[in-house]
Amino acid sequence: MRRWMAALGLVCAPWLALAQVAELQLIEEQVVDGMPAGNLSGLAWCGDALWAVSDREDDRLYRLDASASPWRADAEPFELPPVPDSGLPWGMRMRVLASAAVRGGEMDFEGLTCDALGNRYLVSEAHAGVLQVSPAGSAQWLTLPDSLVRQARVSGMLLNFNAMLEGIAVDPQAARLWLAAERERRGVLVLHRQQSSFQCTGGCVLFAEGGSEPPPQALGADPLPLGFTDLAYHEGALYSLEPNAHRVCRRAATTGDVERCWSYADTALAESRRYPSAFGNAEALWVDAEGAWIGVDNNGQARADGERRPVIWRFAAPAGGWGARP
């Protein structure tokens with residue numbers, strides 16, 4: 001009987017983690033001036049400041065000056081090197097070029113992370129690549145394994161335009177790198193550093209899953225696809241930003257299994273903050289011991305109170321810390 005109950009507990013643990021979803025407490029909300037293209041799509045704390053990236057600009061990062069309100073974004077330009085071949089199909093590459101001609105941002109940088117040395121890493125959704133920008137501002141594409149895209153597509157990921165790599169995380173030593181596939185199907189890929197390149201050890205795909213789920217009750221809408229828009233790494237765990245469910249989930253870094261989730265729906269779905277979209281707009285995540293930063297990509301839309309600039313929320317860490325048991 002004890003063995004049966006233990007086995008049942010292991011099977012039910014992920015569902016219990018999702019069922020016990022506490023609400024994150026908002027500390028502050030800031031709008032950001034100085035990002036003319038808007039579309040904030042990544043956040044990372046590097047050195048002594050929070051940095052951001054826009055998916056409409058291919059040649060700059062932004063250092064966020066929090067000394068006044070609204071915050072000011074100071075651009076750090078870099079020279080973009082030639083893009084390596086990722087192995088994406090020709091038809092998808094052509095759609096990328098056509099889309100960039102209309103909206104801007106051929107790279108479509110959709111995530112930003114930072115290691116302990118201050119190197120910034122940007123994931124390109126359009127080209128399934130990772131750009132490293134040093135603290136001095138020099139940029140180079142990481143050498144990724146040829147099998148990365150192939151293994152992802154065999155697992156059902158990276159098959160649909162504009163539903164590609166959407167999030168990135170790295171451990172402080174830059175020994176492991178995680179990439180999130182956005183939706184239809186969503187999942188996480190993992191790579192390990194071997195000298196000057198990153199390689200898949202025992203396979204590139206950490207996990208992949210399909211399906212849909214109902215949004216928070218306040219929306220009263222039809223089920224939406226399971227999705228990720230960013231990843232963060234903190235104290236040995238991965239954290240996934242899941243915008244349609246309006247939550248952040250802690251996951252095992254070695255398997256991707258969900259351990260616990262926290263909601264930010266009360267903040268995002270307040271009447272004054274709503275956007276005219278059926279999908280969640282949270283795109284950027286950074287987690288530290290004190291809390292979480294979440295950035296909103298408004299995609300050029302104004303929310304109910306008329307605000308069109310990028311918005312960043314600061315949430316307090318859960319009582320007992322991110323690693324506390326539910």
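**Disulfides, rings and loops**

Modeller: A disulfide joins Cys46 to Cys114, with an S to S distance of 2.4 Å. Keep in mind as we go that this is a predicted model.

Biologist: Where in the chain do Cys46 and Cys114 sit?
Modeller: Cys46 is in strand S3 (residues 40-46) and Cys114 is in strand S7 (residues 109-114). They are 68 residues apart, so the pair links distant parts of the chain, given where those strands run.

Biologist: Are Cys46 and Cys114 buried or exposed?
Modeller: Both Cys46 and Cys114 are buried.

Biologist: How many disulfides are there by this rule?
Modeller: The count comes to three disulfides, taking sulfur atoms within 2.5 Å as the rule.

Biologist: What can you tell me about Cys200 and Cys204?
Modeller: Cys200 and Cys204 form a disulfide with their sulfur atoms 1.9 Å apart. The link of Cys200 and Cys204 is right-handed, with 90° about the S-S bond.

Biologist: Why does Cys204 count as buried?
Modeller: Because the relative accessible area of Cys204 is 0%, and buried means under 20%.

Biologist: And what about Cys249 and Cys261?
Modeller: Cys249 and Cys261 form a disulfide too, and their sulfur atoms are 1.9 Å apart. That link of Cys249 and Cys261 is right-handed, with 100° about the S-S bond. Cys249 lies in strand S20 (residues 247-252) and Cys261 in strand S21 (residues 258-263), so the pair ties together parts that are twelve residues apart in sequence.

Biologist: Buried or exposed, those two, Cys249 and Cys261?
Modeller: Cys249 counts as buried because its relative accessibility is 0%. Cys261 is buried as well, with a relative accessible area of 0%.

Biologist: What is the pairing if you number the bonded cysteines in sequence order?
Modeller: Numbered that way through the protein, the pairing is 1-2, 3-4, 5-6.

Biologist: OK, new topic. How many aromatic pairs does a search of the whole structure find?
Modeller: Nine aromatic pairs turn up in that search.

Biologist: Which strands hold Trp71 and Trp293?
Modeller: Trp71 is in strand S6 (residues 71-77), while Trp293 is in strand S23 (residues 291-296). The two are 222 residues apart, and the pair links distant parts of the chain. Trp71 is buried, and so is Trp293.

Biologist: Which residues do ring pairs link into a cluster?
Modeller: Ring pairs bring Tyr239, Trp262 and Trp322 together in a cluster.

Biologist: What lies over the face of Trp51?
Modeller: That would be Arg120, at 4.6 Å from the ring centre of Trp51.

Biologist: Let's switch to another arginine. Where is Arg303?
Modeller: Arg303 lies in the loop between S23 and strand S24 (311-316).

Biologist: Why is Arg303 called buried?
Modeller: Because Arg303 has a relative accessible area of 7%, and the cut-off for buried is under 20%.

Biologist: What is Arg303 in contact with?
Modeller: Leaving aside neighbours within four places in sequence, Arg303 is in contact with Glu29, Ser272, Arg273, Arg274, Tyr275 and Val311. A polar contact of 2.9 Å also joins the side chains of Arg303 and Asp305.

Biologist: And Pro172, where is the place of that one?
Modeller: Pro172 is in the loop between strand S11 (165-170) and strand S12 (176-181). Pro172 counts as partly exposed because its relative accessibility is 37%.

Biologist: What does Pro172 touch?
Modeller: Not counting residues up to four places away in sequence, Pro172 touches Asp115, Ala116 and Tyr233. Pro172 and Asp115 are 57 residues apart in sequence, and 4.5 Å apart in space, C-alpha to C-alpha.

Biologist: Last topic, a helix. Which residues of helix H3 are buried?
Modeller: In helix H3 (residues 147-154) the buried residues are Ser147, Leu148, Val149 and Ala152. The buried residues of H3 pack against S12, strand S13 (186-194) and strand S15 (205-209). Just after H3, Gly156 takes a positive phi of about 95°.

Biologist: What feature does UniProt place at residues 36-185?
Modeller: UniProt, in an unreviewed entry, places "domain: Phytase-like" there, at residues 36-185. The span of residues 36-185 is 15% helix and 38% strand, and its end C-alpha atoms lie 32 Å apart.

Conventions: Residues numbered from 1 in each chain as written. Predicted model: local features only at pLDDT ≥ 70, side-chain atom pairs only at ≥ 80, totals over all residues. Heavy atoms only, no water. Helix = DSSP H or I, 4+ residues; strand = E, 2+ residues; numbered from the N terminus. Buried < 20%, exposed > 50% of the residue type's maximum accessible area, 1.4 Å probe, protein only. Phe/Tyr/Trp six-rings, centres within 6.5 Å; stacked < 30°, edge-to-face > 60°. Lys NZ or Arg CZ within 6 Å of the ring centre and 35° of its normal. Polar contact = N/O pair within 3.5 Å; in protein donor to acceptor, adjacent residues only side chain to side chain. Contact = heavy atoms within 4.5 Å. UniProt positions renumbered as here; feature names shortened; annotations may be inferred.
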